[in-house]
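Try each task before you read its solution.

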Amino acid sequence: MSLVVEETLARYAEERPAFEASCRRVASLLEEHLQAVGLVPRVTWRTKDSDSLVKKMVRKDQAYDGVLDKAGVRVVLGYPDDADKVCEVIRHQFEVLDEDNKSEKLSADVFRYAGVHFLIADPDGRRAGGRALCCEVQVHKPGEALWASLSHDLTYKAPPGIPKATERAINRLAALTELIDLEATRVRRSLMQSEGASEANLLMTLEKHFFRMTACRYDERLSLILLRELSEALDEPVDQAACDAVDAFCRANHERLRFLFDRKQDAVRYPFLLQPETLFAFYLLAKDEFRLEQKWPQRLPASELQKLRNLWGAYA
Amino acid sequence: MKKHLPNLEMKQLIVHEVPRPTAGSKAEPILSEVPSPLPTEARTFFEEKTTETLGSKAFDVEFDPGTQSSIPQLVTATLGRKHGFVKMSCQAAVALASSHTGATSGGLLTVAECAIGTWPGLLLLKLEKEEGVRVERVGGVGRRTLSVEHIRTLMLTSKTRVFKVGLFVRKGAKNGDILGLVCDPQQPRTSETGVAQFFLETFLGCRLTQQPDVVTRDFFHAFEGFLSASVADPEVQTRYRMAVTSELASQDQTVDPKTFARKHLAIEHRKLLMGALELLGVPTSLFPKDTKLVKARLEKLRLDFQHGIHVIATREAAKERMKFKTLSNEQLEVTIRDKVIRTR
């Protein structure tokens, strides 16, 4: 392939705003769809730098239209075991032109980057240079994201013919990042099953619904403390049955809760509303308001309960 | 309608001054010509203050077909989009001014166009001007201090109790589809309807939807149902029964079932009482009281025992001279300390 650099750069400069609009839109839609299922991973987007584009065309001997990651979106998960759910959302919500699970291509004794890449059609049918635009979406577990950033410096910049010991060290690092994801998943599951993890389980149930209402980050430590104290008003153990009951309540009242969150996201006036345990407090209000008021955590002012009562229509 | 109050959204608001009438002549209202600017914070404050008050203190009302008031017609026409909002509010201010007597304090009539979901609504608030002192830090050149300013033009504060509110929403196309809530937090607990008569009847042209005597009777029946279904211990039953008769016989003209439950019932019974009330359509929040349909039941406590013993006592005597203790097998030990004046 003979590359005329100036022509390529000029064409890309002209088309780049369309690629930018495309990946920004994909990122925004993806965040929305993920939030709807209670997931709020870090979603970033970028268009390929002009010089990277040209260099990639030379390195891989590709034509301009053959470079498919000019518009790119990256999803970095907080929990490794959410990866399947994210991939399912992408498959369901976008037109997937190609799916590339990097781990499937690795032989058993090779450790390298193992993320999942999707090539999706522009959701609004944008075109540039007479061609339909596409966008690459990468789904990374935390360890894969770490490896992706490390490998950029360690492997891309490595000279050809590196010593065997160095190559072995690179393999070790890649294996380590894979191990990070596996261990994080294992530890999390183990924690969730351990004694005293009931509040954490409940928080996971609540978090799923909370993130459907708002993308705001909350104070997890405060949540666990308050859930422990609010659970006193439940008058029964916080077991799976209790989590299921809270889950059913949030589902049944989704529209009502959504309305509240849409209208009352005033962090100054309603600081407590922007914590997932508020959903639990609403559940307790509906279940037995008298028990809740008797067991209301001392560390919280009574006026906060009053505000929640008014928001829920459970007037004193 | 109360359960829908958190969904109330205020669209626009207009305020008219309705001065106190002077001796011998009605005061003319000072009418605004356009709605007031309503910044988001003020809108939120208004929404929250009115819904909280209505939620805990309002009674269901309906338009009185025999009323002389022009408000029912104005509200119906405005909610049916047959009458302009500003024009309606001006006419309401004139109506309020003419319903004032020399004893009525002047104030501000605030009319707000609002909605509860898809139901259009109108709020009518009678407020009084309030005074306060504003403190503000003043900095800049020189020594730091606080400025203190006396303000006489406050209308609604978080502590305001002196105001009356009427909310009307249209849930359907028919005239009867208009639901109303009225409250008057400044009204003493011993007032007959819980709302100033001039505001409820003369100005708004409304009457209470549930007759106080009927709702009081239903409350009493629901309470009896709760006792037999949910309270097994005869001593507790007796204690609760005495508490409810005492509540209904008090001078207060309203009953607040939640307050009653908090004061007299064990935690495990409170929710059960609310359930029993809801089952019979009795409000779980404040309602006006009239005991004429249950008077006889309130005057005396009657206990019928399994083996032919009957005890009848006046409420006061039972409270002062009888003691109850639950024994095993659901038996109740009753101790009466009094002088026998006759045996038959």
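This is a predicted model: local features need pLDDT of at least 70, side-chain atom pairs count only at pLDDT 80 or more; totals for chains, interfaces and linings use all residues.

**Exercise 1. Confidence in chain A**

Task: Find which elements of chain A have the lowest and the highest mean pLDDT.

Solution: 
- Step 1. Start with the whole chain. Chain A has an average pLDDT of 87, and 95% of its residues score at least 70.
- Step 2. Turn to the elements. Helix H4 (residues 142–154) of chain A has the lowest mean, 82. Strand S2 (residues 71–76) of chain A has the highest, 96.

**Exercise 2. The setting of A:Asp100**

Task: Decide whether A:Asp100 is buried or exposed, then list what it touches.

Solution: 
- Step 1. Locate the residue. A:Asp100 sits in strand S3 (residues 96–101) of chain A.
- Step 2. Check the area. The relative accessible area of A:Asp100 is 14%. Buried means under 20%, so A:Asp100 is buried.
- Step 3. List the contacts. Leaving out residues up to four places away in sequence, A:Asp100 touches A:Lys105, A:Gly115, A:Val116 and A:His117.
- Step 4. Look at the side chains. Those of A:Asp100 and A:Lys105 are joined by a polar contact of 2.9 Å.

**Exercise 3. The second largest pocket**

Task: Describe the space and the lining of the second largest pocket.

Solution: 
- Step 1. Take the volume. The second largest pocket holds about 850 Å³ of space.
- Step 2. Count the lining. It has 34 residues. Nearest the centre lie B:Lys2, B:Lys258, B:Glu278, B:Thr284 and B:Ser285.
- Step 3. Sort them. The lining has 18 nonpolar, 8 polar and 8 charged residues.
- Step 4. Trace the elements. Helix H10 (277–295) of chain A supplies at least two lining residues. So do strand S2 (59–63), helix H8 (267–279) and strand S11 (287–288) of chain B, each with at least two.

Note on methods:
Residues are numbered from 1 along each chain as its sequence is written. Chains are lettered from A and ligands numbered from 1 in the order in which they are written. Side-chain values use heavy atoms; hydrogens and water are left out. pLDDT is the predictor's confidence in each residue, from 0 to 100. Helices (H or I, at least four residues) and strands (E, at least two) are DSSP runs, numbered from the N terminus. Buried means under 20% relative accessible area, exposed over 50%, partly exposed in between (1.4 Å probe, protein chains only). A polar contact is a pair of N or O atoms within 3.5 Å; within protein, one must be able to donate a hydrogen and the other to accept it, and residues adjacent in sequence count only if both atoms are side-chain atoms. Contact means heavy atoms within 4.5 Å. On a 1 Å grid over the protein atoms alone, a cavity is a set of points where a 1.4 Å probe fits but cannot get out, and a pocket is an open set with protein on both sides within 12 Å along at least five of seven lines; lining residues have an atom within 4 Å of a point. Grid points are joined across faces, edges and corners, and a volume is the space filled by probe spheres set on the points. Ala, Val, Leu, Ile, Met, Phe, Trp, Tyr, Cys and Pro count as nonpolar, Asp, Glu, Lys and Arg as charged, and the others, Gly among them, as polar.
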